[in-house]
Amino acid sequence: TLFRSVAEECVVFLLNWRENDYLILQVPVALVQNNPYVKVGQLLAATCKELSGPESRRTAKDLWEVIVQICSVSSQHKRSNDGRFSLIKQRDSTLGIMYRSELHAFIRKLREPLVLTILISLFVKLHNIRDDIVNDITAEHMSIWPSSIPNLQAVDFDAVAVTMKELVNYALTINPSSHSWLFIQ
C-alpha cells in the first residue's frame with residue numbers, strides 16, 4: 001500500500017540521518033504495531049542508541065527475535081503418494097512481520113554505517129549459531145546478541161548465509177574501506 005511505502009521511506013530517512021531518538025520516542029505505538037518497517041526501524045534505532053549502554057542486550061534481543069522470525073521457515077507435513085508424511089519447508093514464510101525479500105529491499109536502502117554494522121553483526125551471530133559451522137565468523141558488537149535460539153530447525157540457515165553475504169557486499173559498496181566489513185567478506 002502507499003501508506004506502507006511512505007512509512008518505509010520515512011524510516012529509512014530517519015535511520016540514515018541517525019534520528020534514533022525520533023524513531024524511539026516520537027512514533028505512535030499504533031504505527032509501530034501496524035507497520036513492520038516502523039517496527040524494524042524502531043528496534044534498529046534503539047539498538048544503535050543503546051549500543052554501549054546498560055540496555056544494549058535487551059534492545060538487541062528485541063531486534064534479534066524479529067529478525068529470527070523473519071528468517072524462520074514454516075513447515076508443513078504432507079502425505080506423499082505412498083502414505084508417508086514428509087516435511088515441506090516454505091522458503092519465504094509468513095511467520096515474521098515481513099517477508100525476507102521485503103527485509104532485503106529495506107536493508108538495501110540503508111546507508112548509515114552503524115545501522116549496517118548492527119545488521120551485519122546480527123546476521124553473523126545468527127549464522128554462527130548453526131551447529132555444523134566449522135569456523136565462526138567474527139564481527140563487531142557480537143556480545144549484544146543472544147547466544148542461542150529456541151528452535152534451530154525453524155531457521156533457514158541457507159537464507160541467513162545468503163543474506164549475510166549480500167548485506168556485507170552491499171555495505172562495502174557504501175564504505176569499501178571498512179576494515180570490519182572487509183574482514184567478514
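Modeller: A residue counts as buried when its relative accessible area is under 20%. Keep that cut-off in mind. This is a predicted model.

Colleague: Why is Cys 71 called buried?

Modeller: Cys 71 has a relative accessible area of 1%. The limit for buried is under 20%. The value falls under the limit, so Cys 71 is buried.

Colleague: What makes Cys 48 buried?

Modeller: The relative accessible area of Cys 48 is 8%. Buried means under 20%, so Cys 48 qualifies.

Colleague: Now the fold. Which elements does the protein chain have, and in what order?

Modeller: The protein chain has nine helices and two strands. From the N terminus on, the order is α-α-α-α-α-β-β-α-α-α-α.

Colleague: How much of the protein chain counts as buried?

Modeller: Of its 185 residues, 45% count as buried. The protein chain exposes about 10,300 Å², and carbon and sulfur atoms supply 54% of that area.

Colleague: Why is Ile 107 called buried?

Modeller: Ile 107 has a relative accessible area of 5%. That is under 20%, so the word buried applies to Ile 107.

Colleague: Where is Ile 107, and which residues is Ile 107 in contact with?

Modeller: Ile 107 sits in helix H6. Neighbours within four places in sequence are left aside. Ile 107 is then in contact with Leu 116, Leu 119, Phe 123, Leu 167 and Tyr 170. Take Leu 167: 60 residues separate it from Ile 107 in sequence, yet the C-alpha atoms are 7.7 Å apart.

Colleague: What makes Tyr 99 partly exposed?

Modeller: Tyr 99 has 36% relative accessibility. Tyr 99 is in the loop between strand S2 (85–89) and helix H6 (100–107). Its C-alpha atom is 6.4 Å from that of Ile 70, 29 residues away along the chain.

Colleague: Why is His 141 called partly exposed?

Modeller: His 141 has 27% relative accessibility. That is between 20% and 50%, so His 141 counts as partly exposed. Its phi is near 60°, again positive in a residue other than glycine. His 141 is in the loop between helix H7 (113–129) and helix H8 (157–174).

Colleague: Last, the largest pocket. Which helices each supply at least two residues of its lining?

Modeller: Helix H4 (36–49) and helix H5 (56–70) do. H4 gives the largest share, four residues. About 170 Å³ of space lies in this pocket.

Colleague: How do the lining residues divide into nonpolar, polar and charged?

Modeller: Three are nonpolar, two polar and four charged. Among the lining residues are Ile 24, Gln 42 and Lys 49. Ile counts as nonpolar and Lys as charged, so Ile 24 and Lys 49 fall in those classes.

Key:
Residues numbered from 1 in each chain as written. Predicted model: local features only at pLDDT ≥ 70, side-chain atom pairs only at ≥ 80, totals over all residues. Heavy atoms only, no water. Buried < 20%, exposed > 50% of the residue type's maximum accessible area, 1.4 Å probe, protein only. Areas by Shrake-Rupley, 256 points an atom, 1.4 Å probe, with all protein chains shown as cover. 1 Å grid on protein atoms, 1.4 Å probe; cavity = no way out; pocket = protein on both sides within 12 Å on 5 of 7 lines; lining within 4 Å. Points joined across faces, edges and corners; volume = space filled by probe spheres on them. Contact = heavy atoms within 4.5 Å.
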